[in-house]
Amino acid sequence: VRSFDPDEEGLVDEVEGPGVELDADLVEVDEGAALALLERVTADLPGGGEVRDAQRTMVSLVAAAWSRGRHVVIEAGTGVGKSLGYLVPAALLGERVVVATATKNLQDQLATKDAPLVAAHRPGLRVATLKGRASYLCRQRAFGVGTPQQLELDQGEPVPRGVATQIRRVLRWMSETETGDRDEVPFEVEDRAWRALSVTPQECVGRAQCPQGANCFAEAARDRASAADIVVVNTHLYAAHLASGSMLLPAHRHVVFDEAHEVRDIMATLLGTSVTATRARALAASARAFVETGARERIDDLVACADRLAAALEAQWAEGRASGLDEGAARELERLRELVTALTEALRTRPAERGAELRHQRALGSALQLGQDLARLTRVGEGELVYLTRREREVAVELSLVEVATRLADELWDHVSAVLTSATIPESLPRDLGLGEVALERLPSPFDFRSQALLYVPAGIPARNDPGAEAAIIEELVALIEAAGGRTLALFTNREVMRRVAAAVGARVTTPVLVQGELSRAATIAAFRDEEAASLFAVTSFWQGVDVPGRSLSVVAIDRLPFQVPGDPLAEARRSLVEAPFVEVDLPRATMLLAQGVGRLIRSATDKGVVAVLDTRLAEASYRSRMLRALPAMRRTRDRADVVAFLRSIDIS
Ligand code: SF4
């Protein structure tokens, strides 16, 4: 096998980190007890008893960090077993630990697999999962929905038949579910359908006032979290907790951020805000019944203003200006703020009639929240960025923080002792998150990538902007899928390209081709795992968190290096803050995403397979060495014949 590689580089030196100011005395985690617990837990794993040095090191690092009230950043390569690396010390801490993950996938894996495994050896350990309120079905809303026609009140527009059908199916599911968790709905639910059956924290009338308070799914989840030793959340909820002034999660001094490479972007967005015209129209619809008859034209004004805002945002978007607000959009946003403020006052001063209190409360909650969000958007602070994004069928106005380092340094790191971990940690992560000179440990994967995996960059494949590139990618994928007997995860950076290529490849191969979006995410992954000969074509979210060990996954194909498309306003703003934008912003981000995509291939010590990057830049561009160094040390080839021979040598028949 020929190589196109360059050089290798050593690991990052350990740096002594700063201490955190925790309110009360620190609690010690007994390292010896933690390692003994790890041994007992791993003995229960399928194939059992394998003790991994890197995992023991991670347990020791986490125990030491918490015992000393310090932060630690740990890159744990695939197969280290990072979940147990922090769950085991957490189980012995004797204080609550919040574990925040970037994906619901990992959150569910922790809650249903890893944490119960630890709890089995730690009697009395209580583990709970907590999601945002809008992730749970709201019984109060569900009972109020009645017929789909009534939904017009909240949506301000007719309910399409498909959405009404989904609502009816969710209502039937309500009598079966114990959790009311959207992720457990056994079919895909559109946002519009779910919004009609759930509430935001501001819209919730509160358990004490709510007739369904005693049976509320969200409140039951909060109760379980308040009683738990380990609370598993997603990083979005953790960010919302910070934004709310620490109101959403039970008190804690210890936190783990898993998939820590995502923390910066999630915090930047969630510590900001966003507004759509639909939100304003929905407020108008839900508030109309609660303002005096003479004041109804204010509601009409609000709807008209929302329509003008939507038109102004569409016009700005159509002209390709995603950053900032045009004069027209800014004017309508300001006008909307005034109208919502007036409506909030009107709702406050006119009490609801008997029987309508809860709907009134929900309308008032929506008005308050929208008013606050509009106030932020119309008075943008230093370090904040306003920009447009397209969501579902409309353009939204977003406000994000350009950098989160200062905010997190001020509001988070002094109050918790944090473990930040991921399979890929960019060098810049401690700085980007405001952690300062914190220890950054890299624990290599225990897998033998040189014998288990082959990295293939086809020689002569056209550059991605060449008209022949897509046809060449289709040819490569057909050849790879045929050589592997299916078993291919094809990852794309663009949904349209993914659909076109999937259709073309699907028509030419004899094995099944699954396409992201046809089923729910969980059902898609399950279908790919269960049907060994299937291939799966997917974008974005499938670059991370897909864990399919064994024969179902023998090829990971990546259509192009995942550089951010030009014009992303947040990326542009970050670029403007540094001297060498490509090297400091674009390359680290693309490298990290590439490593995540590549990381889907080898999930166990017996897995074997090929990573095919169908982008010649990985073999030829001047920056290739930096990217390659972030990937596991695989053998490399540019010749398809090597790939076919390698796949034949793997026992996949
Ligand atoms: S307490 Fe809030 S979330 Fe729960 S059922 Fe009532 S309104 Fe819905």
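Helices, a ligand shell and one loop

Me: How does H12 pass H14?
Reply: In this predicted model, the crossing of H12 past H14 is left-handed.

Me: And how far apart are the axes, and at what angle do they cross?
Reply: The axes of H12 (residues 277-287) and H14 (residues 327-349) come within 12 Å, and they cross at roughly 25 degrees.

Me: So are the two helices roughly parallel or roughly perpendicular?
Reply: Angles under 35 degrees count as roughly parallel, and H12 and H14 are therefore roughly parallel to each other.

Me: Switching to H3. Is it enclosed or open?
Reply: H3 is largely enclosed by the rest of the structure, because twelve of its twelve residues are buried. Among them are Lys 82, Tyr 86, Pro 89 and Leu 93.

Me: What span should H3 have, and does the model agree or disagree?
Reply: At 1.5 Å a residue, the twelve residues of H3 (residues 82-93) should span 16 Å. The end C-alpha atoms of H3 are 17 Å apart, which agrees.

Me: What follows H3?
Reply: Gly 94 does, and its phi is positive, near 80 degrees.

Me: Now the ligand. Which residues are around it?
Reply: They include Cys 138, Cys 204, Cys 210 and Cys 216, along with Arg 133 and Arg 139. The shell divides into six nonpolar, two polar and two charged residues.

Me: Last one, Arg 393. Where is it, and is it buried or exposed?
Reply: Arg 393 lies in the loop between strands S7 (384-391) and S8 (394-401). Its relative accessibility is 55%, so Arg 393 counts as exposed.

Me: How far is Arg 393 from Arg 626?
Reply: They are 233 residues apart in sequence and 39 Å apart in space, C-alpha to C-alpha.

Technical notes
Residues numbered from 1 in each chain as written. Predicted model: local features only at pLDDT ≥ 70, side-chain atom pairs only at ≥ 80, totals over all residues. Heavy atoms only, no water. Near = heavy atom within 4 Å. Nonpolar A, V, L, I, M, F, W, Y, C, P; charged D, E, K, R; others polar. Helix = DSSP H or I, 4+ residues; strand = E, 2+ residues; numbered from the N terminus. Expected span 1.5 Å × (residues − 1). Buried < 20%, exposed > 50% of the residue type's maximum accessible area, 1.4 Å probe, protein only. Axes fitted to C-alpha atoms, helices over the stretch in contact; angles between N-to-C directions. Parallel < 35°, antiparallel > 145°, perpendicular 65-115°, else oblique. Left-handed = near helix turned anticlockwise from the far one by under 90°.
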